[in-house]
Amino acid sequence: MSSVLPHLPALQVVIPLFGAVIAAFLRRGALAFAVALAVTWLMPIIAAAMLWQVIETGPISYAMGGWEPPWGIEYRVDLLSAFVLLLVSGVAAAIMPFARQSVTLEIDESREAWFYCMYLLCLTGLLGITITGDAFNAFVFLEVSSLSSYVMIANGLDRRALLAAFQYLVMGTVGATFYVIGVGFLYLLTGSLNFVDIADRLANVGPEQFSAMVAALAFVSAGIGIKLALFPLHAWLPNAYAFAPSFATAFLAASATKVAVYLIIRLYYSVFGGAIDYAALPISEVIIVLSVAAMFIASAIAVFENNLKRMLAYSSVAQIGYVTLGIGLANQAGLTGGIAHLFNHAVMKGALFVALGCVFFRVGSCLLNDVTGLGRRMPITMAAFAIAGLGLIGTPGTVGFVSKWYLAQGALDSGSWLLVFAIVASSVISVVYVGRVVEIVWFREPTSKAVIEASDPPLSMLLPLIALTAAVVYFGIETSASAGLASRAAEMLTGALPTAELPAGAPE
Amino acid sequence: MDILFDLAERYNYAATIFLMVAGLYIVIARGNMVKKLVGLSIFQTSVYLLFIEPSKIVGGTAPIIDPDFSIYSNPLPHVLILTAIVVGVATISLGLALIVRINEAYGTIEEDEILNNGDGG
């Protein structure tokens, strides 16, 4: 066992990669699912072991292939990356049992094994982005996860899934290419690709090269902004989530945008943080304005959406706004709120999309008109939907409250009452769109035949839903695990900045 | 005039930027999906140039230690771009495969024709 432990960072990425190959060779859906399940359940164990090691002894640095950093590719696990690794692998492990029945229903049998292959490749890419300490390696993993997610989305039942996948492919590739341009500038400036090494060397870059540094920052911001669906670069997201197979939606909504957010936090705080005085540039303002716009506009669109999957997709854009708001505030409480909301939103959206997957499994539709009175036929599913929906609103006792509390505190610390008002007011909009669904599902008589004949789905789909919903409540009450870790990660990040407390120029 | 001299001296960068902007413009302005992919490919190619140009030193050789040579080109960007080319090929082929499927499902590869059918969702 002791010979395996030092190689945990490599195993975190290599195991799902080989799992993907094995799943492709097995050809049979059931066998491929068994491989995917085994791999996915192994991942959080590895991630938890590394998190424990990081808390005990500090960051782990792993030289891939024995080439010492900064020359070789370094896998670097610090508190933030261990936290995100555990989040992504944990949510994936929770929703994995749901996949079997859902994928059998929605994917043609001859393609099931390939679908699991793509899922495992996507997991490889997402874990790889989080764990790598190398800017170009992050690009490669970004493309591994993106290409496989385009394939997953294109497998949706509706033909519009193809169009959504193509649009996502075009925008995603433009985003990734922007990121590479930014990395190119960084490489020209510093001659290094290792995040830690770049940060060291950027601090010594002369003022005449300042504009190149800002250009690099702009390119990576725009590139990753597309990937994390930062308003107004979110156009690909609603259709992609709405028409993808249920399992793919649940998995991507809970993980893909979160990892992109991780990458931008890493770049802003750990790479550029030491070299660029953010107070001199209007970056905070831009991010805060876009975040607030996302919180309001995307939420407002969600209110009028008839397709429940699209409604939740727009809600995702809005919730990403809360996360980026925390990044923009750039103070201890705000960043804690942002990172905690990363975790909380993954758990909530995982639960909500799994619930919709169950609805589709029984009713065959996710349109609001088709689910009237479903609460009486699928009580457990719809109760879970309502509880996770309360989390989305930010009701006390759920995870959503914890992160919004920290965000509001961060906004107060930066001296902006207006932002506190924006956080509360945009939550009111989410009351409308969640409440609308709850009203139609619970307080009306079933009318359609499909609803009357529906019942709660089989246990393999119900258990992931219950587990995630329980997590929504549990982490809302027991905050030391999620918010506590987020707070320590935020402390580490803001502590690395030259001035610990940045004057985040909030719009007055 | 100085700007023109600068530009002439660094004509390779001017070419890179032209390709970059032209590719991005095609992606945005064209409704035909194959043309969009062509634009995407040009855009990606410009980035290959962005990496390769600064790493090539005039008169430099491959970085193999030899007493006869003292100037070497930087090999790392070439390796990076080799990877980026592979990624680009994968992206374009996946995009083309999607276009084939879209053509089968819709009977057209013009984005506006699909959207006008009220099916763009």
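A residue is counted as buried if 20 or more other C-beta atoms lie within 10 Å of its own. The views below are taken from a predicted model.

**View 1. A330(A) in the loop between α12 and α13 of chain A.** A330(A), which is not a glycine, has a positive phi of about 60°, and this residue is found in the loop between α12 (308-329) and α13 of chain A. With 29 other C-beta atoms within 10 Å, A330(A) is buried.

**View 2. The cis bond from P69(A) to P70(A).** Omega of this peptide bond is near 5°, and P70(A) is found in the loop between β1 (60-63) and β2 (74-77) of chain A.

**View 3. The packing of helices α13 and α16 of chain A.** The axes of α13 (residues 332-363) and α16 (residues 399-413) of chain A come within 8 Å and cross at roughly 160°; because angles over 145 degrees count as roughly antiparallel, α13(A) and α16(A) are roughly antiparallel to each other. Their crossing is left-handed. Among the residues that make the contact are A333(A), G337(A), A340(A) and N344(A) of α13(A), together with V399(A), S403(A), Y406(A) and D413(A) of α16(A). By class, the contact of α13(A) with α16(A) has 9 nonpolar, 9 polar and 1 charged residues.

View 4. C358(A) is buried, with 28 other C-beta atoms within 10 Å. When its neighbours within four places in sequence are left aside, C358(A) is in contact with M378(A), T381(A), P457(A), M461(A) and L465(A). Q101(A) lies 257 residues from C358(A) along the chain, while the C-alpha atoms of the two residues are separated by 9.5 Å.

**View 5. The packing of helices α7 and α10 of chain A.** Helix α7 (residues 195-202) and helix α10 (residues 246-271) of chain A pack at an angle of about 40°, with their axes 9 Å apart, and α7(A) and α10(A) are therefore oblique to each other. The contact is made by F195(A), I198(A) and A199(A) of α7(A) and by R266(A), S270(A) and V271(A) of α10(A). These residues divide into 4 nonpolar, 1 polar and 1 charged.

**View 6. Chain B and its side that touches chain A.** In this interface, 27 residues of chain B are in contact with 22 residues of chain A. Helices α3 (33-55) and α4 (76-106) of chain B each supply at least two residues of the side of chain B that touches chain A, and α4(B) gives the most, with 13 residues. By class, this side of chain B has 18 nonpolar, 6 polar and 3 charged residues. The secondary structure of chain B comes to 5 helices and 0 strands, and the C-alpha trace of chain B spans about 70 × 40 × 15 Å along its principal axes. The radius of gyration of chain B is 20 Å, whereas a compact globule of 121 residues would have one near 14 Å; of the 121 residues of chain B, 23% count as buried.

Terms used:
Residues numbered from 1 in each chain as written. Chains lettered and ligands numbered in written order. Predicted model: local features only at pLDDT ≥ 70, side-chain atom pairs only at ≥ 80, totals over all residues. Axes fitted to C-alpha atoms, helices over the stretch in contact; angles between N-to-C directions. Helix = DSSP H or I, 4+ residues; strand = E, 2+ residues; numbered from the N terminus. Parallel < 35°, antiparallel > 145°, perpendicular 65-115°, else oblique. Left-handed = near helix turned anticlockwise from the far one by under 90°. Contact = placed C-beta atoms within 7 Å. Nonpolar A, V, L, I, M, F, W, Y, C, P; charged D, E, K, R; others polar. Buried ≥ 20, exposed ≤ 12 C-beta atoms within 10 Å, placed from the backbone. Rg over C-alpha atoms; globule rule 2.2 N^0.38 Å.
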